[in-house]
Amino acid sequence: AMLRQRRFWEEEHDAPIFTRNAGCFKWGGDNTTAYERTSHWLERAGVDTSEPCPIPLDDNDDQEAGKELPRIVVADAERTFVAPDRRQSFAKLLAALHTAFGDYHQGLGYVVAFLSLTMETESVIRLVHRLHTSSRFIPGYWHAAPDAFVRDARVFGRLLERYFPEVHAKLLAGGVLPESYAQKWFCGLAIHVLTLDAVFGLVEGVMDHGRTFLFQFALSLVEHIADRILETPPTNVSRLYALLRLDASEFPDGYRDGEFFTDIVAKAAAYDLGDEDLP
């Protein structure tokens, strides 16, 4: 787990992964609660830990020397961490997943970075492999051209029209479509959208309820920002996107006493989608 690495906080306290930390992880402090929560995630996701690790990660630096890592994973490592050695090891992990999955999406980098803070590398591999391969979760989301996500984004568009017709009409008038704004919600599990304490709740919701929870979460998010969307002219597309991204300029970490983001996740389950035709 990265948080246990020597000098981690000294080197990474300003790392981009912590942009929405909002006090979730304690700099040099006690992060026991976070370790405790993630220690149960493999079981909650139905991972069989008695089986061999599905993706071997070669830590032999001599054997790896001379192999050029894909540019996209190197760039994502640079956008996530600060220390060169940590960037290199993180890029190697992403490259191994890239090879195993046969493709790569930036959302995978977000998720792996978040999990790596409190979980060991083998556990991270087991969990993202489960998320990527089980029909219960998000198979196909982590492709460069994620057809599975596009399908689900369009399904969400229909749900949006049913539950929030005025918001749907406003976004449609501005040409703002779920395929373009929901990638960070779905493919990246809302990392860099929510504060990190709320991300914990979202990940656990997905593990407990599968991909359906992402649709519930997305509806709850829209409910929480509907008034802002409706007051925004459809011609102001940049603001509509900023609202949908929950940009800090619109929703700072302390918005509504800091409970805004966790409330979105907590109220997601109120949307009973049992009768909906979900993929």
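**From a loop to the core**

Start at Ala22, which is partly exposed because its relative accessible area is 42% (buried means under 20%, exposed over 50%, and partly exposed in between, with a 1.4 Å probe and protein chains only). Keep in mind that this is a predicted model, where local features need pLDDT of at least 70, side-chain atom pairs count only at pLDDT 80 or more, and totals for chains, interfaces and linings use all residues. Residues are numbered from 1 along each chain as its sequence is written, and side-chain values use heavy atoms, with hydrogens and water left out.

Ala22 sits in the loop between α1 (8-12) and α2 (32-38); helices here are DSSP runs of H or I with at least four residues, numbered from the N terminus. Its backbone deserves a look: Ala22 isn't a glycine, yet its phi is positive, at about 50 degrees. Most residues other than glycine have a negative phi. Asp257 is another non-glycine residue with a positive phi, near 60 degrees. You'll find Asp257 in the loop between α15 and α16 (260-266), and it counts as exposed because its relative accessibility is 75%.

Now head inside. The largest nonpolar core has 101 residues, and Phe25, Trp185 and Phe217 touch the most other members. Such a core is a set of buried Ala, Val, Leu, Ile, Met, Phe, Trp, Tyr and Cys residues joined through side-chain atoms within 4.5 Å. Helix α14 (residues 212-230) gives the most to this core, with 11 residues. In soluble globular proteins, nonpolar side chains tend to be buried together. Leaving aside neighbours within four places in sequence, the contacts of Phe25 (heavy atoms within 4.5 Å) include Leu3, Trp9, Phe18, Phe114 and Phe200, along with Asn31 and Thr118.

What about a charged side chain? Asp152, in helix α9 (residues 147-163), counts as buried because its relative accessibility is 0%. Not counting residues up to four places away in sequence, Asp152 touches Tyr141, Phe186, Arg211, Phe215 and Pro279. With Arg211, the side chain of Asp152 makes a polar contact of 2.9 Å, meaning a pair of N or O atoms within 3.5 Å; within protein, one must be able to donate a hydrogen and the other to accept it, and residues adjacent in sequence count only if both atoms are side-chain atoms. Phe186 is 34 residues from Asp152 along the chain, and their C-alpha atoms are separated by 8.9 Å.

Finish at Thr232, in the loop between α14 and α15 (237-244). Thr232 counts as buried because its relative accessibility is 1%. Apart from residues up to four places away in sequence, Thr232 touches Lys170, Arg239, Leu240 and Leu243.

Definitions and conventions: Helices (H or I, at least four residues) and strands (E, at least two) are DSSP runs, numbered from the N terminus.
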